[in-house]
Amino acid sequence: MRERTLIVGLALPRDNRIEQSMDELERLVDTAGGEVIGRIVQVASKINPSTYVGKGKVAEIQEMAAAMEIELVVINHELSGSQIRNLEEATEVKILDRTGLILDIFASRARTGESILQVQLAQAEYMLPRLVGYRNYLSRTGGGIGTRGPGEQKLETDRRHIRRQIDAIKGQLEKRTRNREVKGRQRKANATPVVSMVGYTNAGKSTLMNEILGSAGGATDKLVYADDRLFATLDTSHRRIETEGRQPFVLSDTVGFVKDIPIHLIEAFQSTLDELHEADLILFVLDASTNDLELQKEAMREVLDRLDVHDAPILEVYNKMDMVSDQLFLVDPPKNDIERIFISALKSEDIARLLEKIEELLTQDQVRRQILLPYARSDLLGNLLGMGVLLERRDEEDGIYLDLRIRKEDLARLEKLELIADEHL
């Protein structure tokens, strides 16, 4: 049975997106298994350090909770342990903050060993500063939203135990990180560029990956899980994309984000997200059909700034264009000269256009060369293929003809091999 939930927000000065933020909070509650019965928004100049909202709103929350049989109140902000304690004592109803809600959703979504460990770490680091003065909040055992997942603690939990837990989890994650780094070095050694998708949760990243796989003739067992819900998957997926005559690349799909994503989650998923630093291209996937498009952009830029990701070129991918009725934003000039493309992941012609754009961006630092490799020097074939993309090969009478796209940085290496290499061989 879905928990009857009241959501509460605070509109501070210059906060002109409170309604969009509250709408998103309602979707988060729905994702967690609750049912939003009502909402309260207080306009205030500052946060009440004791109860987040003012005394009058606390009384209003208590009255609404009693009249509407509310089982859970979710605050649209991260609270301290004492604020949660004070609100629960004043309203006599369970209180959960936005961070706790998102962590609860992540706990219910975690499936693989690594994502479970990452959620455990985020929950433990969230709990640690909330032990002082409010141990009851961390020892809930009654079930429902806010009590799930590997981070649930008993009453006797103390700071030392949680710190030991954090150290143990970090140790296990470091081993997995080293394994990932080895695979990353192998991809670099094979001259395979990496294209990483980042985006708002439910922007259609997993669907997009599956459609790209399908267009490249990928096996059905390589498809990733996709669903129309927030945080449908937490695990980074890697798939090699190969189409005839095109630059092959590894496509990775990272966890989705929301506005005000908890810092604990960013830190816990740091090892996974650090892969973005190795990306040759970042696909910034956005839901073009939403009313919160600017909110999505702002949230994703905050995440990339936190991760200090600035080097890789970015392609903004406006997905779900088949659901857009008002397309006036299409005429807005792109900011900061960032490339952008407008597609529907469900249209094959749009996927083809996207692959063409990816190809263009990945090969902008490459040049095309035709090479005649004498049979006596065929031992160099592996070296040549490692420099770039093979577009064509023909075994001729006087040697092996290769049509290659070569990285500019490898032109000097090619010249040292003293082969016949020309743009029009």
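# Close-up views of the predicted model

**Figure 1. Lys 357 lies in helix α11, which covers residues 348-362.** Helices (H or I, at least four residues) and strands (E, at least two) are DSSP runs, numbered from the N terminus. The model is predicted, so local features need pLDDT of at least 70 and side-chain atom pairs count only at pLDDT 80 or more, while totals for chains, interfaces and linings use all residues. Residues are numbered from 1 along each chain as its sequence is written, and side-chain values use heavy atoms, with hydrogens and water left out. Lys 357 counts as buried, at 16% relative accessibility. Buried means under 20% relative accessible area, exposed over 50%, and partly exposed in between (1.4 Å probe, protein chains only). The side chain of Lys 357 is joined to that of Glu 339 by a polar contact of 2.9 Å. A polar contact is a pair of N or O atoms within 3.5 Å; within protein, one must be able to donate a hydrogen and the other to accept it, and residues adjacent in sequence count only if both atoms are side-chain atoms. With its neighbours within four places in sequence left aside, Lys 357 is in contact (heavy atoms within 4.5 Å) with Leu 315, Glu 339 and Ile 341.

**Figure 2. A salt bridge joins Asp 30 and Arg 2.** The closest N and O atoms of this pair are 2.4 Å apart. Asp 30 belongs to helix α1 (residues 18-32) and Arg 2 to the segment before β1 (3-11), so the pair ties together parts 28 residues apart in sequence. A salt bridge here is a side-chain nitrogen of Lys or Arg within 4 Å of a carboxyl oxygen of Asp or Glu. Both residues are at intermediate accessibility: Asp 30 is partly exposed at 45%, and Arg 2 is partly exposed at 37%. A search of the whole structure finds 20 salt bridges.

**Figure 3. Arg 98 and Glu 24 meet through their side chains in a salt bridge.** The N to O distance is 2.7 Å. Arg 98 is in helix α4 (residues 98-109) and Glu 24 is in helix α1, so that distant parts of the chain, 74 residues apart, are linked. Arg 98 is buried, with a relative accessible area of 3%. Glu 24 also counts as buried, at 7% relative accessibility.

**Figure 4. Ile 105 is a residue of helix α4.** Its relative accessibility is 0%, and Ile 105 therefore counts as buried. Between Ile 105 and Thr 31 the C-alpha to C-alpha distance is 7.2 Å, although the two are 74 residues apart in sequence.

**Figure 5. Glu 19, Asp 23, Glu 26 and Arg 39 are linked in a network of salt bridges.** The view shows these four residues.

**Figure 6. Arg 394 takes part in a salt bridge and also lies over the face of a tyrosine ring, that of Tyr 401.** The salt bridge is with the side chain of Glu 392, at 2.8 Å from N to O. Arg 394 is 4.0 Å from the ring centre of Tyr 401. A charge sits over a ring if NZ of Lys or CZ of Arg is within 6 Å of the ring centre and within 35 degrees of the ring normal. Arg 394 is partly exposed, with a relative accessible area of 35%, and Glu 392 is partly exposed at 32%.

**Figure 7. Arg 14 has a positive phi of about 65° although it is not a glycine.** Arg 14 is found in the loop between β1 and α1. This residue is exposed, and the relative accessible area of Arg 14 is 82%.

**Figure 8. Lys 320, which is not a glycine, has a positive phi of about 65°.** The loop that holds Lys 320 runs between β9 (314-319) and β10 (339-342). Lys 320 counts as buried, at 14% relative accessibility.

Figure 9. Of its 425 residues, 53% are buried. Among contacts in the protein with a separation of 6 or more, 71% come from residues 24 or more positions apart.
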